[in-house]
Amino acid sequence: MFTPYRVRLLFVTCIALFMAMLDNLVLGVALPSIQEDLHASIGDLEWFMNAYTLAFAVLLIPFSVLGDSIGRKKVFLAGVVVFTLGSLMAGLSDSSVSLILARALQGVGGAAVVPLSLTLVSSAFPPEKRAAALGIWSGISGLGLSVGPLVGGLIMEGAPWQMIFFVNVPVGIIAFVLGLRWLTETRGVRKPFDPIGVLTLTSGLFGIVYGLERGNVEGWGTFGVYGPIVGGVLLLVAFYFWEKIRKAPFIQFEFFRKRNYTAYVLAGFWMNAGVFGAIFLLTLFLQQAQGNTPLGAGVREMAWTTMTMIAAPLAGFAISKFGNRIVLLSGLLFQTTALAWFALLIDAKGFDFPFVLMLGPMMLAGTGMGLSFTPLSHGLISSVPDNAAGEASGIGNATRELGGVFGIAIGGLIFQSGDAIKGPADFANHIVPSIASSAAMTAIAFLAVTMLVRKAAIRSSVHSPSAEPVATAPSRS
């Protein structure tokens, strides 16, 4: 199953994937140092984070479809180059404006790397052997997201903040050189360029993500928040109707008539909404309520991230034995239980309790994440023809990214409601309903899978030849 070609492909795609996912959250611990060095305002600090997220979320779908059309290897390697250049520019930045532009360039590159790495891995393995490979991919993806604060904290202990970006440069160069040599080109369905569709889709996603990102800063009743969200929704509606009249639509909406496809999209959105909203608040709780340093909080969260890294590859093998649906339901149940456990623990103990009491829910949540990432990707891609894998990858990653932004926004809104937070005890009181709402979101994901996913969700023996490589590597078989 893991031929030399496939091992090399996994290595190249996963190191690039880890680099891109890491930069979602790695910057947070360095913001105070960057603020002092660049004389940045609070608004600048927000854009250091949001520039990456916005570019990343908006371009996931277009780059995925582009990869199917002109070649997945081409778009993936182009993404690696753009991300590496963005990292170099970020490390060399001497002003807030230059750093914001560099972070946006990183987001552009990441939007090509993440979905195309998934599509390349998927196309290299036949359906009956794909789950194990996607388990490795999911483990690396989850690990990159989860250890961002820890890696940032470790770098900041003994190096300037620029090293957070410079470490990506040699990794990106290695990924590009090896990818150029080792990867074989694959394609899906060729689609004519649709400038109106791309513009309405990206503008709509930008408006929604921007509004959600700004909600807890500007206040949810302001036009600067609800205006972009409403405008974004209207643009997505316009995109839908535009695509319906095209002979070769940018996105094949008929896939949403498939119960499994729709269920995995919904489950991915609500799972990320619950989990990342909770992670954001629990990281603040460890630091602002319990008094840990950023590095100390990152070390403690390894109880969560380590279990994710272990469980994700195991989920790939479990799928072949128990089925995609059972593994995903188990992961979502674990996450819902763990988040409810966090809420009950903090409600009962307040803020002053030993960390050992958090080990149980952290390990359960990490296991649940690992068991969920793999079947979400596997189920989504397996519910469409192989030549549409890129599109499915883009849709899945984009909706999960939107879910994470939505979860953080809603969790922050609930957290800030009520009386002012004047100390750790108030922080604990405010975080309980927010974490409870996160548990409710993962419960919605559980219900979506329970009600919509059919048991015979995964194709196990038929492999469509439509996405076979253009040129076959001798060692691939």
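The charged end of Arg300 is placed over the ring of Phe355, at 5.9 Å from its centre. A charge is taken to sit over a ring if NZ of Lys or CZ of Arg is within 6 Å of the ring centre and within 35 degrees of the ring normal. A further arrangement of this kind involves Arg8, whose charged end sits over the ring of Trp182, 5.8 Å from the centre. The model is predicted, so that local features need pLDDT of at least 70 and side-chain atom pairs count only at pLDDT 80 or more, while totals for chains, interfaces and linings use all residues. Residues are numbered from 1 along each chain as its sequence is written, and side-chain values use heavy atoms, with hydrogens and water left out.

Aromatic pairs number 19 in the structure. Rings of Phe, Tyr and Trp (its six-membered ring) pair if their centres lie within 6.5 Å, and planes under 30 degrees apart count as stacked, over 60 as edge-to-face and the rest as tilted. Tyr240 and Phe253 form an edge-to-face pair, because their ring centres are 4.9 Å apart and their planes stand at 75 degrees. This pair links distant parts of the chain, 13 residues apart: Tyr240 belongs to helix α11 (residues 223-244), and Phe253 to the loop between α11 and α12 (259-289). Helices (H or I, at least four residues) and strands (E, at least two) are DSSP runs, numbered from the N terminus. Ring pairs join Tyr240 and Phe253 with Phe239, Phe241, Phe255, Phe256 and Tyr261 in a cluster. Tyr240 is partly exposed, at a relative accessible area of 32%; buried denotes under 20%, exposed over 50%, and partly exposed the range in between (1.4 Å probe, protein chains only).

Phe317, in helix α14 (residues 302-322), is likewise partly exposed, with 47% relative accessibility. Together with Phe2, Val7 and Ile136, Phe317 forms a nonpolar surface patch with about 330 Å² of accessible area. Such patches consist of residues with over 30% relative accessible area and no salt bridge, nonpolar side chains (Val, Leu, Ile, Met, Phe, Trp, Tyr) being joined within 5 Å and like charges within 9 Å. A salt bridge is a side-chain nitrogen of Lys or Arg within 4 Å of a carboxyl oxygen of Asp or Glu.

Thr336 lies in helix α15 (residues 324-349) and is buried, at 17% relative accessibility. Its side chain makes a polar contact of 2.9 Å with the side chain of Thr442. A polar contact is a pair of N or O atoms within 3.5 Å; within protein, one must be able to donate a hydrogen and the other to accept it, and residues adjacent in sequence count only if both atoms are side-chain atoms.

Methods: Areas by Shrake-Rupley, 256 points an atom, 1.4 Å probe, with all protein chains shown as cover.
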